[in-house]
Each structure stands twice: as structure tokens, then as C-alpha cells.
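Take a moment to look over the structure shown here before reading on. The paragraphs that follow lead through it step by step, starting with a term that is needed along the way.

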Amino acid sequence: MFADLFAYFYQFADVFAFLVLSAAGLAVIFGMMGIINMAHGEFIMCGAYATTFAYHAGLPLPLAQACGAIVAGVIGIILEAVLIRPFYSRPLDSLLITWGLSLVVTQGTLIVLGSSMPGIGTPSGGFHIGEYGFSTYRMILFAAALCVLGFIYLLFKRTRFGVHARATMQNAGMAQALGVRRNRIYALTFGVGAALAGLCGALYAPTMTLIPTMGATFIVESFVTVVVGGANVLLGTAPAAVALAITRTALNGLYGQVFGQIGLLLAVVLIIRVLPEGFSGWLAKRAS
Amino acid sequence: MLHLLNGPQTMGNGRAFWACACLVLLAALIYPVFADPYDVGNFAYFLIWVFMALGLCLMWGYGGMLSFGQTFFFGIGGYAYGVLSVDLGSAYGMALGNFALAVLLAGVAAAILGYLMIYGRIGGVFFGIVTLAVTLALAYFLGQTAGPEWAIGKARLNGFNGMQGMSPLSLPWFGGDIDLEETPLYYFVLVLLVGTYLALRMLVNARFGNVLVALREDPQRTELLGYDVRRFQFGAFVIGSMLAAVSGVLYTAWGQFITPASIGLPAAAMPIVWVAFSGRSDLTAVLVGTFVLLAAFQTLTIYSEQAALILMGVILIVTVMFVPHGCFVGLGRIAAWLPRRGRTVRRPSAEVG
């Protein structure tokens, strides 16, 4: 009985972790800056590649993963200054710019690094409950997803940077008049988002094949989580991920992976028909 | 009706423009006489894609809805044509019937998706990412249909390798159908394209187009003036998506194959690049620009597909950063401005950009 329940929970946790980790970076950038980063998948790919390089260079896996996140974050900060900054008042244009970037990066990686590279084996460890066996690494991913949610909450609610970032989001001109350095806030926020994307790639690098187009594997899930979550990351992402993970786990179990994905999408389209501003818009309305 | 061909929502309304257009059309009509059939087939291939670019121009440039789902409807049209032509055959004009059915099916899909999004008031960036998510999911779904259980009638979907072996388009004719391949296909596509282009010009200069432009500029004001904004957006979305399906059907009929790769990334980004580069606010600019970009892309692809795609990405970035109105719209404005220097402007200068 307990083993069965745990098996359900395990599958839910697996999907939940995937949704949260892949969406976190996108949600931070969208929620704080109103920009949909179409190159999100490429930041994930960048994190995974950097992790793999660091691992093959001899670093232990956790350190290599930290490297992956940091590399993606630094690249994010640079790109923000060069490409994104002129387009804050034109969100659709920044969407196009980042999409162009994604094309360039994917195909560029194909040319420079080839169509695949040697990966990292999944850390083996496992445990048994009842007659079922479970992978420890999947549980670590679940824990990492919870940590990421906690980190976002603390960063934006409890630190000085977070206060400045939320002030800038609400009214950039007023925040600037009060002495907040707007450009620095934007650069750092974008960097945090990119680093979270890189972290996602770093964490999933041991579990998948490393190909230049691997970002596309994450992008649908990250998009739908952000769309269902709505504009406010702090309120929306977690409930959206829970709702979608339950839907997906149930559909996976009943009809298989393919219908899991398609059903997930149908659920999303129906949810936004009912709640056009996503969970966070709905929650904010109820609270006020 | 015909007076609607010219109007405030299209560039190129003067006699000089139509004279040039007629010359270009004439050149296009006699081109197959001088070229070998292979090149004519290639030329037809470029024209095939223009339909989906025009559709995107209508919804994005005129209606302000940035849809990333053109290849979604392209795929529905293409696969539907493939399945129908394998199952129903193509004799006695059935090929054209399949064409119409496939486009209609895509229209139904567009109506469902459009209803959920537009009547759910999804706008701006969300419109783009929902359409892209749907597109990627279709590509993923079709990519895993390799097994024999994924068949509709006799038609196997064949997963990642795509469908093959459907019949080309054919026209019913006395004493046997005419298969539309190479030169005949070229003329068929050309006639269809000219018809579509003129019809779209009339559409955007009619009341429908004027309201569409108004709601692009300010949806709230348009609504306060008494128009049901959603109905016009919905109409533009369905028409634009069906044009993508026209491209899909013609593509499938042209090469007699279609794969999920023409739905997913990076294919889904291509219509955006063409339309953004050409200038989304004008049909003529999109028509010409798309053709030019496709020809350039094809030439580059011979050497390296990756390099060609990188160039497309760079073009998108550079266009948005430095020529946000689009290159061919810019050229058109210069062309319209040159002869008028010194003369008074006769038309009211409706701002289209």
C-alpha cells in the first residue's frame, strides 16, 4: 500500500521537478522583466555542455554542475547588455531577438561541437520500497526543484536586491528616481534567470543525450508552466507546476507518454481559457 | 469590388506600381519557356512558401497577432493531404478535392485553437508561446508515429521519416487527368498566388482590413467604437492559418513527401524571419521579400544548411535591431517618396507601420 502510494508520488515528483527546473529561469525573466526569453532552451543546453566539459576536465559532479549554472549566468549577463537592453519597451521585439539568438546558437554549436558529445552517466544509487526500485538521482532532482523555488522566494522577498528588482518591475522610472540602478538590476535579474536555466541543464545533463537541439526538449514544458503560472513568479510557478504535474502524471499512467504531453497541452489551453492571467492573476484577484 | 485593390492599407497603389507588377507577372509567365523544367520546379518551390508568409503578414502585420504556429497548420495541411490522397486516391479531380479538404481541416483546427486563445483573451507574447508550444507538440507527436499502429486507413504516418508516396496534384481534363508537376505545377501555383495576393489586397482594404489595423493600433479604442475585436482577430487568424495549410498541401504535392522536421524547430522560425525581414505591415513587401530570402537560403543551403540557418538567425536579430519596419517596406517607402518630391501628396498618408 505504502509502496504503491510512494510510486505515484515518485512519478509526480519526477514530472514536478522537470517542470519547475525547466521553467524557473524563464519565469524569473518573464515575471521580473516582462520578456519571454526564446533562447531559454539554449541557456539550458549551455549549462549542460559546460557541466559536461567541467566533469570531463576532472571536477566532481556537483562542482561541475555549479560551473554549468555560473557559465550560463555570465553569458546571460553579457547578452542582456548587448542584445536585450534596447528592447525593454518592446516585448515582442525582444521575443524575436532571442529567437534569432536561439537559431544562431543551436546551429553554431552544431558546426563547432558536432552533432553529439560524450555524456556523463547517471549517478547510479537507488533504493527500494516494497518491491519497487527507485533512482536516488530523481529524488535529488525533486529536492533541487524545491530548493530552487525556495531560493527564488527568498531572493525576491527577503533580500535588498529582491526589493529593488520588484520595485523596478512595478515602476522602473520611480525606482530609478529613488536611487535604484535600473540597468544593473535588469542585468542581474537576467543573469539569475539564465543561471537557473543553466542549472536545469546541469542537473539533467547526466540523464540525457547531449545534442545541440536538446533545449527544445525542455522548452514546451517551460512555456506551458509559465503561461499557466502567469506573470507573478512568486505566486504562480509552484501551483502551476503542481497542477500540471498531477495532470501529466495521471495521463502518463493511463495512456502513456505521448498522450501525457498532448493532454498536458490541452489542459493548458483549457486553463488559460478559464484563467487568462494564469494562477497568479487568479490568486492575486482573490486576495485583493 | 475592384476599387478595393488600392487603398490605405497597401503600398503601391499608383499606375507605375501596377505597370511594374504586370511586367513581373509577364516575366513569370514566360519564364518556363526559357528555363529547363528542373529550374521551373525549383521556382515553384519558392512560390509555395509565400502563401504561409502572406498568412502570417495578415495576422501579425495587419492584426497584431504574432503567431508562431504557421508550421503547425502547414503540417496539418500537408499531412492531411498526404493521408487523403493515399486513402481516397486522386483520380477524377479528387486531388483538388483533397486539397480543399486538407485546407478546410486546418481551418477547423485554427478555429478551435483561435477560439480558445482569442476568446480567452490571450494576447501579446502569450499568443506566440502558446502557438509555438502547440506546434512543437505536433512535431513531437508525429515524430514518434513510426510504428504500424499509427496509420489512417492505408496511410502510414511513418514517424520521423515522414510520409511518402502520395500522388501529386492533378487537374481533371478530357482524356485523362493532367498531373501537376514541374511546369504545370508552376503555372498552377503562380495563378493561385496571384489570386491570393489580389484577394488579400481587397480584404485588407475593405472594412475588415481597416478594423484589423485599427485594433492592432489600439484594441481598446476599437472596442469602444463598437467593434467586436475578437471576431476580427478570429477571422484573421483562421484565414492566415488556412494560407499556411495551402503551403503545406502544395509542399507535400510538390515533393510527394512530408516529415515532422518541416513542423518543428527550426522550421517554425522561418516564416517569422521572412515576414520580419520583408516588413510585416505590407503584403507586397512580404511577397517579394519572402521570395528573395528563400532563393538566398536555397543557394546557401547547397554549401551548408547550418550556415544558412545561422544567417537566418542573424537576419532576424539585425532586422529587429536596426530595421524594425522591415527592409522591403523601407525600400517601398523610398520608391514611393522619390517621384513625389516637389509634388503635393495626393493620397492621405495613412500610417501603416
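Helices, counted as H or I runs of at least four residues, and strands, counted as E runs of at least two, are DSSP runs that are numbered from the N terminus. The model is a predicted one, and local features in it are described only where pLDDT is at least 70.

With that numbering in hand, chain A can be read from end to end. Its secondary structure comes to twelve helices and two strands, and along the sequence these elements follow the pattern α-α-α-α-β-β-α-α-α-α-α-α-α-α. Chain A has a radius of gyration of 19 Å, close to the 19 Å that the globule rule gives for 288 residues, so chain A is as compact as a globular protein of that length. Taken along the principal axes, the C-alpha atoms of chain A fill a box of roughly 65 × 50 × 30 Å. Of the 288 residues in chain A, 49% are buried, and among contacts with a separation of 6 or more, 75% are between residues 24 or more positions apart.

Helix 10 of chain A, residues 233–255, has 23 residues and should span 33 Å at 1.5 Å a residue, which agrees with the 31 Å between its end C-alpha atoms. After helix 10 of chain A comes A:Gly256, which has a positive phi near 100°.

The next step is to see where the two chains meet. In this contact, 35 residues of chain B touch 30 residues of chain A. On the chain B side, helix 5 (124–143), helix 10 (270–278) and helix 12 (305–322) each supply at least two residues, and the largest share, 13 residues, comes from helix 5 of chain B. Sorted by class, the residues on the side of chain B that touches chain A are 28 nonpolar, six polar and one charged.

Helix 5 of chain B also packs within its own chain. The axes of helix 3 (residues 70–88) and helix 5 of chain B come within 8 Å and cross at roughly 35°, and the crossing of these two helices of chain B is left-handed. From helix 3 of chain B, the residues B:Thr71, B:Phe72 and B:Gly75 meet B:Thr131, B:Val134, B:Thr135 and B:Leu138 of helix 5 of chain B. By class, this contact between helix 3 and helix 5 of chain B has three nonpolar residues, four polar residues and no charged ones. As a general point, an α-helix has 3.6 residues a turn, so residues three or four places apart point the same way.

Finally, the backbone of chain B has some details in its loops. B:Pro266 lies in the loop between strand 6 (257–258) and helix 10 of chain B, and the peptide bond that leads from B:Leu265 to B:Pro266 is cis, with omega near 0°. B:Asn158, placed in the loop between strand 2 (155–156) and strand 3 (163–164) of chain B, has a positive phi of about 65° although it is not a glycine. B:Asn158 counts as buried because it has 22 C-beta neighbours inside 10 Å, where 20 or more are needed. B:Gln256, in the loop between helix 9 (229–255) and strand 6 of chain B, is a residue other than glycine with a positive phi, near 55°. With 16 other C-beta atoms within 10 Å, B:Gln256 is partly exposed.

Key: Residues are numbered from 1 along each chain as its sequence is written. Chains are lettered from A and ligands numbered from 1 in the order in which they are written. This is a predicted model: local features need pLDDT of at least 70, side-chain atom pairs count only at pLDDT 80 or more; totals for chains, interfaces and linings use all residues. Two residues are in contact if their C-beta atoms, placed from the backbone, lie within 7 Å. Ala, Val, Leu, Ile, Met, Phe, Trp, Tyr, Cys and Pro count as nonpolar, Asp, Glu, Lys and Arg as charged, and the others, Gly among them, as polar. A residue is buried if 20 or more other C-beta atoms lie within 10 Å of its own, exposed if 12 or fewer, and partly exposed in between; C-beta atoms are placed from the backbone. The radius of gyration is taken over C-alpha atoms; the globule rule is 2.2 Å times the number of residues to the power 0.38. The expected span of a helix is 1.5 Å times one less than its number of residues. Axes are lines fitted to C-alpha atoms, for helices over the stretch in contact, and angles run from 0 to 180 degrees between N-to-C directions. A crossing is left-handed if the near helix is turned anticlockwise from the far one by less than a right angle, and right-handed if clockwise.
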